[in-house]
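Keep the viewer open as you read.

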Amino acid sequence: APSANAMGAAATTGYAVINRCYNICAQSYQNSSKAVSSYTAQCIGARKCKKIRKGIFVGFLQGTLLLAPFVLVLSLFATPIASVFFSDGYSGEALDYAVTFASFFLPFIFINLINNLMHSFLRGMGAMKTLVLSTLIGCISRITATLILVPSMQMEGVFIGWILSWLIHAVFCL
């Protein structure tokens, strides 16, 4: 957010719309992955650890199925959907940022689905040190990538920084 704020009102406004689109998508898989945390803890408590892999697979499948329609609709209809957040006839940079994100960068949210699923798994396992470390790695990688990319790529640097942090976080979690 501070990097987007430093680029001016259009970036800030576009970023607000982008976050709303992201949150719509994220709610779908975040709620499904909560079940993985409970399921993992129950399997460990019942000493049926072999079932955990199945639970993670089902959580991934459910999250993917719940997320895909939102990503598909937001990506394919980025302009009319993003336009809802602006006054009639607006065609400025803020809208362009939102459309660019929804069209090209939002599909990468499936990487973050994996991160969220692994966080739920780690929570269910009671592996809090690993959970905190993975969160810290995700945060540091996002800040670092954004700070490196924004000067040359502007708003796209914010988007790519976000995706790179998801990717680094996923690699660490897996």
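A disulfide is a pair of cysteine sulfur atoms within 2.5 Å. By this rule the model has zero disulfides. Cys-25 is in none, and its nearest cysteine sulfur, that of Cys-21, is 7.3 Å away. Cys-173 is likewise in no disulfide, with the sulfur of Cys-139 nearest at 12 Å.

Before going further, a word on the ground rules. This is a predicted model, where local features need pLDDT of at least 70 and side-chain atom pairs count only at pLDDT 80 or more, while totals for chains, interfaces and linings use all residues. Residues are numbered from 1 along each chain as its sequence is written, and side-chain values use heavy atoms, with hydrogens and water left out.

**Overall layout**

The secondary structure comes to eight helices and zero strands; helices (H or I, at least four residues) and strands (E, at least two) are DSSP runs, numbered from the N terminus. Along its principal axes, the C-alpha trace spans about 60 × 30 × 20 Å. Of the 174 residues, 43% count as buried, where buried means under 20% relative accessible area, exposed over 50%, and partly exposed in between (1.4 Å probe, protein chains only).

Here is how some individual residues fall on that scale.

| Residue | Relative accessibility | Class |
|---|---|---|
| Cys-25 | 0% | buried |
| Ser-33 | 2% | buried |
| Cys-173 | 14% | buried |
| Gln-154 | 38% | partly exposed |
| Val-58 | 42% | partly exposed |
| Arg-47 | 75% | exposed |

**Inside the fold**

A nonpolar core is a set of buried Ala, Val, Leu, Ile, Met, Phe, Trp, Tyr and Cys residues joined through side-chain atoms within 4.5 Å. The largest one has 35 residues, of which Ile-18, Ile-109 and Met-155 touch the most other members. At least two residues of this core come from each of helix H2 (9-45), H3, helix H4 (78-83), helix H5 (93-105), helix H6 (109-125) and H8. H2 supplies the largest share, nine residues. Apart from this core lies another, of ten residues, including Val-36, Met-118, Phe-121 and Cys-173.

Helix H8 (residues 155-173) has 19 residues and reaches 27 Å from its first C-alpha to its last, close to the 27 Å expected at 1.5 Å a residue; the expected span is 1.5 Å times one less than the number of residues. Among the buried residues of H8 are Met-155, Trp-162, Trp-166 and Cys-173.

Ser-33 lies in helix H2. Ser-33 and Ser-75 are 42 residues apart in sequence and 23 Å apart in space, C-alpha to C-alpha.

**Loops and surface**

Arg-47 lies in the loop between H2 and H3, whereas Gln-154 is found in the loop between helix H7 (128-153) and H8.

Val-58 lies in helix H3 (residues 52-76).
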